[in-house]
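This briefing is for a reader who is new to the structure shown below. Please look through the sequence and the model before reading the points that follow.

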Amino acid sequence: SATVPLCQDPGNADFFALIGNPDLGGIWFDSDGSGVDLSDPFFVNLNGLPTGMYTYEYQLAAGGPCPSPSTILSIIINAAAEAGSNASVTVCEGTQVNLLNLVSGANDIGFFTDTDLSGGLIGTIFNTTGLAGSGFDFTYTVGLVGDPCGTDEATITVNVENSLSAGMGTMATLCLGGDIEL
């Protein structure tokens, strides 16, 4: 038997190659009724299958007193990596931003990279203290290198504005009837 992970809409698959090029002349069965056309096992179109596991059996006719040999091909259709949409937010200097709250549409858990090397990113939290007056980009990556479904990235931009100051409070002693200049 063989188990083969593929990504959604992989195109045509050679079922014989996936099970190690067995003797020809057998019959393929769609064990769980996925509905794919098995009439040409060298070019089986797997496009349109939703994510999940699908099982196919290849069976040869019995030879003399020997039983009929068969093997199972399990195909696991995985979703392609999706990091979601690019996003941006504007905050005041001194704010801590959980970048994960800005991710929308991702289909898996990923990780952030401080693209601009701001030095303010720890895990998913961006601390904007001392970083006013600029925009900072972070790359959110979903999927692993070598994964058959690849990786995907989204850019999260955080614009940091200077905090406003109303000045420092002060106390004044005034005499009754005197002028006050503000």
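Cys-7 and Cys-149 are joined by a disulfide, with an S to S distance of 2.0 Å; a disulfide here is a pair of cysteine sulfur atoms within 2.5 Å. Cys-7 lies in strand β1 and Cys-149 in the loop between β12 (134-142) and β13 (152-161), so the bond ties together parts that are 142 residues apart in sequence. The model is predicted: local features need pLDDT of at least 70, side-chain atom pairs count only at pLDDT 80 or more, and totals for chains, interfaces and linings use all residues. Residues are numbered from 1 along each chain as its sequence is written, and side-chain values use heavy atoms, leaving out hydrogens and water.

**The chain as a whole**

- The protein chain holds one helix and 13 strands; helices (H or I, at least four residues) and strands (E, at least two) are DSSP runs, numbered from the N terminus.
- Read from the N terminus, the order of elements is β-β-α-β-β-β-β-β-β-β-β-β-β-β.
- The chain has 182 residues, of which 29% count as buried; buried means under 20% relative accessible area, exposed over 50%, and partly exposed in between, with a 1.4 Å probe and protein chains only.
- Of the contacts between residues at least 6 apart in sequence, 63% join residues at least 24 apart, where contact means heavy atoms within 4.5 Å.

**Cysteines**

- A search of the whole structure finds one disulfide.
- The torsion about the S-S bond of Cys-7 and Cys-149 is about -130°, so this disulfide is left-handed.
- Both of these cysteines, Cys-7 and Cys-149, are buried.
- Cys-7 sits in strand β1, which covers residues 2-7, and counts as buried because its relative accessibility is 13%.
- Apart from neighbours within four places in sequence, Cys-7 is in contact with Ile-77, Asn-78, Pro-148 and Cys-149.
- Pro-148 is 141 residues from Cys-7 in sequence, yet their C-alpha atoms are 6.5 Å apart in space.
- Cys-66 is partly exposed, with a relative accessible area of 45%, and Cys-92 is partly exposed at 43%.

**The sheet that contains β1**

- Four strands make an open sheet in the order β1-β6-β5-β3, and the pairing is mixed; two strands pair if DSSP finds at least two bridges between them.
- The edge strands are β1 and β3 (27-30), and each pairs on one side only.
- Neighbouring strands here are turned by 25° against each other on average, direction ignored; axes are lines fitted to C-alpha atoms, for helices over the stretch in contact, and angles run from 0 to 180 degrees between N-to-C directions.
- β1 and β6 (residues 70-78) run parallel and are joined by six bridges.
- Ala-2 has Leu-73 in β6 as its bridge partner.

**The sheet that contains β12 and β13**

- Another open sheet of four strands has the order β7-β13-β12-β9, with mixed pairing.
- At its edges are β7 (87-92) and β9 (111-114), each pairing on one side only.
- In this sheet, neighbouring strands are turned by 25° against each other on average, direction ignored.
- β9 pairs with β12 in the antiparallel sense over four bridges.
- Opposite Phe-111 stands Thr-141 in β12.
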